[in-house]
Amino acid sequence: MSFPINRMRRMRTSEATRRMVRENHLRVDDLIMPLFVCPGQGIKKEISSMPGNHQTSVDMTVEACKEIADLGIPAIILFGIPDHKDARGTEAYHDHGIIQRAISAIKENVPDLYVITDVCLCEYTDHGHCGVIVDNDVHNDETVKLLVKESLSHVRAGADMVAPSDMMDGRIVEIRTALDANSFDHIPIMAYAAKYCSAFYGPFREAAESAPQFGDRRSYQMDPANSNEAIREVALDLDEGADIVMVKPALPYLDIIYRVKSEFGVPVAAYNVSGEFAMVKAAAANGWLDEDRVRDELLLSIKRAGADLILTYFARDIARALK
Ligand code: PBG
């Protein structure tokens with residue numbers, strides 16, 4: 001049956017019908033807020049390319065977490081800027097490292113906030129790569145050993161979930177096995193499963209002080225031209241025990257989110273990364289775009305593509321708008 005019997009505009013004529021037939025929603029429950037923890041006390045230093053986001057010392061991170069919990073955001077993901085960097089990223093798996101201290105302080109003061117940790121070495125190595133360098137490249141298996149230590153130390157400090165973002169082969173099964181062997185079989189793993197070698201991480205590398213000092217990450221992060229490879233990466237991580245699989249970045253890879261959700265039907269996270277955030281902020285600051293509407297439209301596109309969870313620097317803004 002077609003026109004004039006069918007008129008698509010009927011359901012669009014009032015806010016009530018639009019609400020009733022709306023297929024996707026932004027919900028505070030879906031949001032994960034990334035935070036950057038730095039050494040010191042009383043520090044809250046804005047990240048210039050990410051307005052409204054800061055590097056905060058442990059005490060100020062706790063304050064940020066109280067606000068995040070009050071807004072109803074269920075979870076945060078923590079990134080650390082250590083006191084010292086070295087070739088093997090020692091502070092990443094030190095019991096009193098910056099992240100380990102932050103986790104205990106948050107768990108003590110804001111116990112109901114769910115704490116996820118990013119497991120990677122790039123913030124902790126002096127060369128800025130995500131692992132141990134052997135012959136000018138990141139050595140897979142040596143790196144995995146350190147990622148296992150890092151995961152265990154985060155969980156011992158009280159982390160609720162670990163999220164390895166390094167893109168080494170086989171790290172999920174090694175981390176899973178080590179967690180299980182240490183009575184942490186209840187701790188889930190969110191795998192950065194399809195993580196692309198993207199220019200959209202630029203502002204993050206300023207925030208986390210983690211830009212590689214030589215070369216780039218093409219020998220471990222994925223080629224933006226590939227999609228079947230993403231499906232294979234996801235299949236492997238699920239096989240190795242991942243509970244949630246992540247696609248990163250989000251907006252340039254909505255097709256990947258869609259495929260992962262439809263082919264596997266598992267919980268899918270999408271990382272609305274720093275560059276995606278910075279573009280909107282910059283355009284809005286120039287008066288070229290309506291920030292709130294563009295933000296909601298972009299994040300809805302991520303939901304529509306099939307993501308269940310969204311890691312986003314907009315989490316607080318959205319939570320406020322939804323209140
Ligand atoms: C660590 C890591 C990165 C991001 C999250 N975890 C940077 C990178 O891989 O270079 C990027 C997040 C963002 O851009 O918001 N490996």
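This is a tutorial dialogue on how to read some features of a predicted model.

Student: Which residues come nearest to the ligand?

Tutor: A residue is near a molecule if one of its heavy atoms lies within 4 Å of it. Here 19 residues are around the ligand, and Lys 195, Arg 205, Lys 248, Ser 274 and Tyr 313 come nearest.

Student: How do the residues of this shell divide into nonpolar, polar and charged?

Tutor: Ala, Val, Leu, Ile, Met, Phe, Trp, Tyr, Cys and Pro count as nonpolar; Asp, Glu, Lys and Arg count as charged; the others, Gly among them, count as polar. In the shell around the ligand, eleven residues are nonpolar, three are polar and five are charged.

Student: How is a polar contact read?

Tutor: It is a pair of N or O atoms within 3.5 Å; within protein, one must be able to donate a hydrogen and the other to accept it, and residues adjacent in sequence count only if both atoms are side-chain atoms. In the ligand's case, one of its oxygen atoms is 2.6 Å from an N or O atom in the side chain of Lys 195. A ligand nitrogen atom lies 3.4 Å from an N or O atom in the side chain of Ser 165. For the side chain of Gln 221, the distance from an N or O atom to an oxygen atom of the ligand is 2.9 Å.

Student: How much of the ligand does the protein bury?

Tutor: Accessible areas come from the Shrake-Rupley method with a 1.4 Å probe; for residues, only the protein chains shown count as cover. The ligand taken alone exposes 400 Å², and the protein buries 100% of that.

Student: Where does the ligand sit?

Tutor: A cavity is a set of points, on a 1 Å grid over the protein atoms alone, where a 1.4 Å probe fits but cannot get out. A molecule sits in one if more than half of its atoms lie within 2 Å of its grid points. The ligand sits in the largest cavity.

Student: Which elements give two or more residues to the shell around the ligand?

Tutor: Helices (H or I, at least four residues) and strands (E, at least two) are DSSP runs, numbered from the N terminus. The elements in question are strand S9 (190-195) and helix H6 (202-207).

Student: Which residues are joined by a cis peptide bond?

Tutor: Pro 4 belongs to the segment before helix H1 (15-21). Another joins Lys 248 and Pro 249, with omega about -10°. Pro 249 is in the loop between strand S10 (244-248) and helix H8 (254-264).

Student: What about a positive phi?

Tutor: Asp 135 is a residue other than glycine, and its phi is near 50°. It is in the loop between strand S6 (133-134) and strand S7 (137-138). Glu 209 also has phi near 50°, and its place is the loop between H6 and helix H7 (228-239).

Student: Is Asp 135 buried or exposed?

Tutor: Buried means under 20% relative accessible area, exposed over 50%, and partly exposed in between (1.4 Å probe, protein chains only). Asp 135 counts as exposed because its relative accessibility is 73%. Glu 209, at 38%, is partly exposed.

Student: Which contacts do buried side chains make within the protein?

Tutor: Thr 17 is found in helix H1 and is buried, at 16% relative accessible area. A polar atom of its side chain lies 2.9 Å from the backbone oxygen of Met 11. Arg 176, in helix H5 (residues 171-181), is buried at 12%. The side chain of Arg 176 makes a polar contact of 2.9 Å with the side chain of Asp 180.

Student: How does separation along the chain sit beside distance in space?

Tutor: Val 266 and Val 245 are 21 residues apart in sequence and 7.7 Å apart in space, C-alpha to C-alpha. Val 266 lies in the loop between H8 and strand S11 (268-272). For Arg 88 and Lys 107, 19 residues apart along the chain, the C-alpha atoms are separated by 28 Å.

Terms used: Residues numbered from 1 in each chain as written. Predicted model: local features only at pLDDT ≥ 70, side-chain atom pairs only at ≥ 80, totals over all residues. Heavy atoms only, no water. 1 Å grid on protein atoms, 1.4 Å probe; cavity = no way out; pocket = protein on both sides within 12 Å on 5 of 7 lines; lining within 4 Å.
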